[in-house]
Amino acid sequence: MTIQETKERMHGRQLYFCNTPELLEEQRRRLDKVFAYNQIPPGCWEQKEALLREMFAEAGEGCYIETPFRANWGGKFVHLGRNVYANFNLTLVDDTDIHIGSFTQIGPNVTICTGTHPIHPPLRRQGVQFNLPVTIGENVWIGAGSVILPGVTIGENSVIGAGSVVTKDIPAHVVAAGSPCRVLREINGHDYECYYRDMKIDL
């Protein structure tokens with residue numbers, strides 16, 4: 001199998017060998033950029049933003065990712081809208097496309113995975129993998145310590161509670177939480193009046 005065929009399978013939801021030497025070499029080069037990003041002082045905003053745009057497939061204006069940050073393809077297949085913020089210790093298993101909509105906020109210690117492996121033991125021994133893209137809509141809030149699994153879509157404006165393991169699609173305009181993550185309720189009129197319990201929004 002040629003390297004081009006391997007890359008097509010990598011992004012085509014098909015099985016491929018993730019230990020192909022050409023892939024590993026490219027990954028190492030991408031990881032060097034992640035290392036460099038993590039060494040930039042927090043106050044050097046312009047330098048961080050420039051490198052982020054170089055690393056990622058797309059990064060709109062106003063995006064910021066706190067360090068430390070990890071991405072096993074260095075963000076090569078990650079598409080950010082505008083004003084996306086990620087807190088400390090974001091991990092992206094970005095072996096295929098991750099789309100994150102504008103104004104999405106990501107809490108600390110969140111993992112977003114696209115890469116996974118077959119249960120078939122001999123295939124895993126050979127380094128076989130497949131990838132499923134992840135899509136997160138605009139204005140989503142992902143709570144601290146959450147894990148987003150391969151193939152998941154989260155609809156716009158939804159909130160994912162801290163510590164959730166998102167195994168299936170979550171619709172728009174809902175609050176969802178748990179392991180596995182499930183919809184708790186729709187976002188409602190009370191949420192537009194109070195920011196916490198009965199504490200009134202005064203801005």
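These legends walk through several close-up views of the predicted model shown above. Residues are numbered from 1 along each chain as its sequence is written, and because the model is predicted, local features need pLDDT of at least 70 and side-chain atom pairs count only at pLDDT 80 or more, while totals for chains, interfaces and linings use all residues. Side-chain values use heavy atoms, with hydrogens and water left out.

View 1. Let's start inside: the largest nonpolar core has 36 residues, and F56, F69, L90, L92 and I112 have the most contacts within it. Such a core is a set of buried Ala, Val, Leu, Ile, Met, Phe, Trp, Tyr and Cys residues joined through side-chain atoms within 4.5 Å. Elements that each supply at least two residues include α2 (21-39), β7 (90-93) and β19 (174-177); the largest share, 3 residues, comes from α3. Helices (H or I, at least four residues) and strands (E, at least two) are DSSP runs, numbered from the N terminus. Apart from this core lies another, of 6 residues, with Y16, C18, L23 and F77 among them.

**View 2. The surroundings of L92.** Which residues does L92 contact, leaving aside its neighbours within four places in sequence? They are F56, F69, R70, A71, N72, V78, I98 and I112, where contact means heavy atoms within 4.5 Å.

View 3. A search of the whole structure finds 1 cavity of 30 Å³ or more, and about 40 Å³ of space lies in the largest cavity. On a 1 Å grid over the protein atoms alone, a cavity is a set of points where a 1.4 Å probe fits but cannot get out, and lining residues have an atom within 4 Å of a point. Grid points are joined across faces, edges and corners, and a volume is the space filled by probe spheres set on the points. F56, I65, L80, V84, A86, L90, L92, I100 and I106 line the cavity. By class, they divide into 9 nonpolar, no polar and no charged; Ala, Val, Leu, Ile, Met, Phe, Trp, Tyr, Cys and Pro count as nonpolar, Asp, Glu, Lys and Arg as charged, and the others, Gly among them, as polar.

**View 4. Aromatic pairs.** The structure holds 4 aromatic pairs. Rings of Phe, Tyr and Trp (its six-membered ring) pair if their centres lie within 6.5 Å; planes under 30 degrees apart count as stacked, over 60 as edge-to-face and the rest as tilted. The rings of W45 and Y64 have centres 5.1 Å apart and planes at 40°, so this pair is tilted. Y64 is buried, with a relative accessible area of 15%, while W45 is partly exposed at 31% (buried means under 20% relative accessible area, exposed over 50%, partly exposed in between; 1.4 Å probe, protein chains only). The W73 and F77 rings are also tilted, with centres 5.6 Å apart and planes at 50°. Elsewhere, ring pairs link Y37, F56 and F69 into a cluster.

**View 5. K200 in strand β22.** K200 is found in strand β22 (residues 199-200) and is exposed, with a relative accessible area of 53%. Leaving aside its neighbours within four places in sequence, K200 touches E193, C194 and Y195.

Technical notes: On a 1 Å grid over the protein atoms alone, a cavity is a set of points where a 1.4 Å probe fits but cannot get out, and a pocket is an open set with protein on both sides within 12 Å along at least five of seven lines; lining residues have an atom within 4 Å of a point.
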